[in-house]
Amino acid sequence: MSEDSLDPVIHAPARLRLMVTLATLQEGDSLSFTRLQEMIGLTPGNLITHLRKLEDAGYARTAKTINGGSPVTAVSLTPEGRAALTQYSAALRELLDAADATVRR
Amino acid sequence: MGETTADSPGTGNGAGSAMDEEPAMDPRDAAAIMRKASEHARRELTPNGPVIYAGLALVLLVCNGIVWLGVRGQRPYLGPPGWALGVVAGVVVIFVTGYAAIVNRAASGVGGATARWRRAVYLSVAAGLVAVFAIEGGLRASGASIATTDLVGASGPILVYGLAIAGFASASRQWATAALGLWLIAVAAGSAFASATTVWGIDAIAPAAGIAIMLAVRRGRIGGPGRLSRP
């Protein structure tokens, strides 16, 4: 197993943090763009770029809603995104276990 | 709960391929990022259940305990003195303020099923408490003694909290918390058979003890301070 087995869409620091953060929400929940930006610490432009990449891969979705009269952009993971993150996590664990086994030998 | 300013990303400044290029990431770094991001998100987005439940235990202990101190020795039973009710009101205000601060911070920006569910629970608890005091008033208006109506006033709120906790905890499969809800329901029902003075003492100690046991069970199960989702 090599690093090529890791999903390149997820295997980037900012997008990985985004995916993990959104995965903390219950299914059916979303997080506002503003709160997400505050938690991740990216500039709005940078965050948009990464979110678009995740949306293009079908891992995240954004939706404009109205909350208390103000427009809000709500971000959430799709079921495909959650599954992809689970697979990524499993692949990463296998990779690290294999690397540890090689070191021990 | 919501955004006070328009929350609508524009096209972004400088968004483009330059920002998309990130340095290659070592798998160990990826694992560390996942761990830290997960812990950070849980801390930010999940209200601290143990702190909230400990606060609830303290409020029930102090409020009902204060009233018990105020009514014990009353012959005949006259009900809680004004000073006791004043202290109770102050303690409740402090708890509600603290609770709102904790929950609102975690819930800020979170939308969807959890937000709707939380609002439903709050409305149910509020309606339940209003109903309890309305029933108390109705009993008094129909001639019931203050010793009788105060049984409702003491046990009623505990019953409301117990029902709410048992309901949401069962839905979330938090069985230790659901058991606490059932315990509170049992305490409320059982303490109503006590005298008007004793009911305040029972409702001070029994719920707080139940909460302490629940927190200890969860801490032992999780192996550390646990966070309860959807308190």
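Tutor: A residue is called buried here if its relative accessible area is under 20%, with a 1.4 Å probe and protein chains only. By that cut-off, 43% of the 231 residues in chain B are buried; please keep in mind that this is a predicted model. Chain B has eight helices and one strand, in the order α-α-α-α-β-α-α-α-α from the N terminus on.

Now to the sheet itself, which is open and has four strands in the order 2(A)-3(A)-1(A)-1(B), paired antiparallel. Strand 2 (60–67) of chain A and strand 1 (110–112) of chain B stand at the edges; each has a single partner strand, so one side of each lacks a neighbour in the sheet. On average, neighbouring strands are turned by 40° against each other, direction ignored.

Where the chains meet in the sheet, strand 1 (residues 29–32) of chain A runs antiparallel to strand 1 of chain B, and three bridges join them. Leu31(A), for instance, has Val110(B) as its bridge partner.

Helix 3 (residues 44–56) of chain A packs on the sheet, where it touches strand 2 and strand 3 (70–77) of chain A. The direction of helix 3 makes about 115° with that of strand 2 of chain A.

Strand 3 also meets helix 4 (residues 79–104) of chain A: the buried residues of helix 4 pack against strand 3 and helix 1 (13–23) of chain A, together with helix 2 (27–45) of chain B. Among those buried residues are Leu85(A), Tyr88(A), Leu92(A) and Leu96(A). Helix 4 has 26 residues and reaches 38 Å from its first C-alpha to its last, close to the 38 Å expected at 1.5 Å a residue.

Notes:
Residues numbered from 1 in each chain as written. Chains lettered and ligands numbered in written order. Predicted model: local features only at pLDDT ≥ 70, side-chain atom pairs only at ≥ 80, totals over all residues. Heavy atoms only, no water. Pairing = 2+ DSSP bridges. Helix = DSSP H or I, 4+ residues; strand = E, 2+ residues; numbered from the N terminus. Axes fitted to C-alpha atoms, helices over the stretch in contact; angles between N-to-C directions. Contact = heavy atoms within 4.5 Å. Expected span 1.5 Å × (residues − 1). Buried < 20%, exposed > 50% of the residue type's maximum accessible area, 1.4 Å probe, protein only.
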